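Here's a quick look at a sheet, the helices on it, and some aromatic rings. Have a look at the model first.

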Amino acid sequence: MSTLLSVEDLQVHFAARSFTGRKQAIRAVDGVSFAVGEHEALGIIGESGCGKTTTGRAIVQLEEPTGGSIHYRGKDVTHLTGAARRAFNANVQFVFQDPMSSLNPRMNVASIIAEPLRAYGRWNGRTGPDRVAELLDMVGLPPEFGNRYPHEFSGGQRQRIGIARALALDPELLVLDEPVSALDVSVQAQVLNLLMSLRDAKGLTYVMISHDLDVIRHVTDRIVVMYLGVVVETGPADEVLDAPVHPYTAALVSATPPSSPDEKRERIRLQGELPSASNIPSGCRFRTRCWRADEICAAEVPQLVPVGDGDRAAACHHPLDLGMPHVREDIAS
């Protein structure tokens with residue numbers, strides 16, 4: 001599998017001021033690296049504030065990286081401008097979390113979907129309406145819906161419209177930021193099944209950002225687990241979620257509701273809140289909430305190193321044993 005997208009030591013820092021007026025840096029993304037193969041679906045997971053959405057926005061040029069690099073088909077696209085940026089944006093599209101706020105309420109659906117075609121000079125007055133109808137059909141909506149406005153649709157239908165707009169320019173890569181988190185569970189399944197069928201039919205590559213591990217398991221091949229701006233674990237989705245190696249990943253998995261009444265799952269309850277991205281703990285960033293932390297965790301930053309014989313890696317001084325993802329709740333609490 002050839003590499004389509006490569007992110008290397010990506011950093012996105014924001015300037016801010018404290019309550020006292022002192023300048024400080026918000027290190028939202030602080031050295032993230034991963035690669036995405038052609039036609040692969042990669043999931044990025046982690047709790048709110050871990051930097052996963054900022055990472056996705058940096059990939060599609062919605063946030064300016066502070067450091068590191070992003071390569072697309074081997075070409076550095078970190079700081080593109082002009083025609084080169086337009087060409088890149090045609091190949092890499094973003095699907096937003098909230099379909100209502102990402103669709104112009106003053107435009108009908110046909111105009112919304114046609115907008116990227118017009119912006120990129122691909123609109124033809126004779127064949128354009130047929131292209132819009134094709135895109136609506138592709139996401140399971142009848143062509144006559146093109147005359148309606150966003151407020152006339154359900155949340156799931158609006159998200160389908162957002163996906164149709166993202167597909168208008170025939171991109172190779174879709175970055176999807178929590179694409180079903182605002183939808184009811186039954187509608188989530190419909191949208192996820194649509195994404196999977198589109199991936200097969202069009203050979204798309206996905207970067208899926210989500211806090212929902214069931215969604216990630218259902219849709220992605222590999223996952224990247226982020227905590228406080230860094231990657232703490234990577235590997236095949238099923239392997240990581242069935243047998244986490246990093247304590248943080250194990251805590252995330254333990255918080256997922258069981259898939260059946262017969263499944264027994266011990267909850268790992270973490271102490272404390274996620275530290276501020278402007279005041280990063282020394283050593284391992286997770287140590288202030290980790291039940292396995294000791295002196296080395298405070299003194300040395302753990303590196304992302306291979307774990308086991310497969311395509312697994314974790315950044316932890318005291319990783320969990322493979323095949324033993326859970327610990328007793330009384331130890332973790």
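### Rings, then the sheet

Tyr227, Tyr248 and Phe286 are joined by ring pairs into a cluster. A pair here means rings of Phe, Tyr or Trp (its six-membered ring) with centres within 6.5 Å; planes under 30 degrees apart are stacked, over 60 edge-to-face, and the rest tilted. Count them that way and you get six aromatic pairs.

A quick word on the source: this is a predicted model, where local features need pLDDT of at least 70, side-chain atom pairs count only at pLDDT 80 or more, and totals for chains, interfaces and linings use all residues. Numbering starts from 1 along each chain as its sequence is written, and side-chain values use heavy atoms, with hydrogens and water left out.

Two arginines sit over ring faces (CZ within 6 Å of the ring centre and within 35 degrees of the ring normal; NZ is the atom used for Lys):

| Arginine | Ring | Distance to ring centre |
|---|---|---|
| Arginine 86 | Tyrosine 120 | 4.3 Å |
| Arginine 118 | Tryptophan 123 | 4.3 Å |

Now the open sheet: eight strands, ordered E6-E7-E8-E3-E9-E10-E12-E11, with mixed pairing. Strands are DSSP E runs of at least two residues, helices H or I runs of at least four, numbered from the N terminus, and strands pair if DSSP finds at least two bridges between them. At the edges, E6 (92-95) and E11 (305-306) each pair on one side only. Further in the order, E10 (residues 230-236) and E12 (residues 313-314) pair antiparallel over two bridges, and threonine 234 is opposite alanine 313 in E12.

Helix H2 (residues 82-91) packs on the sheet, touching E6 and E7 (173-177), where contact means heavy atoms within 4.5 Å. The direction of H2 makes about 60 degrees with that of E6; axes are lines fitted to C-alpha atoms, for helices over the stretch in contact, and angles run from 0 to 180 degrees between N-to-C directions. Helix H6 (residues 155-167) also touches E6 and E7, at about 170 degrees to the direction of E6.
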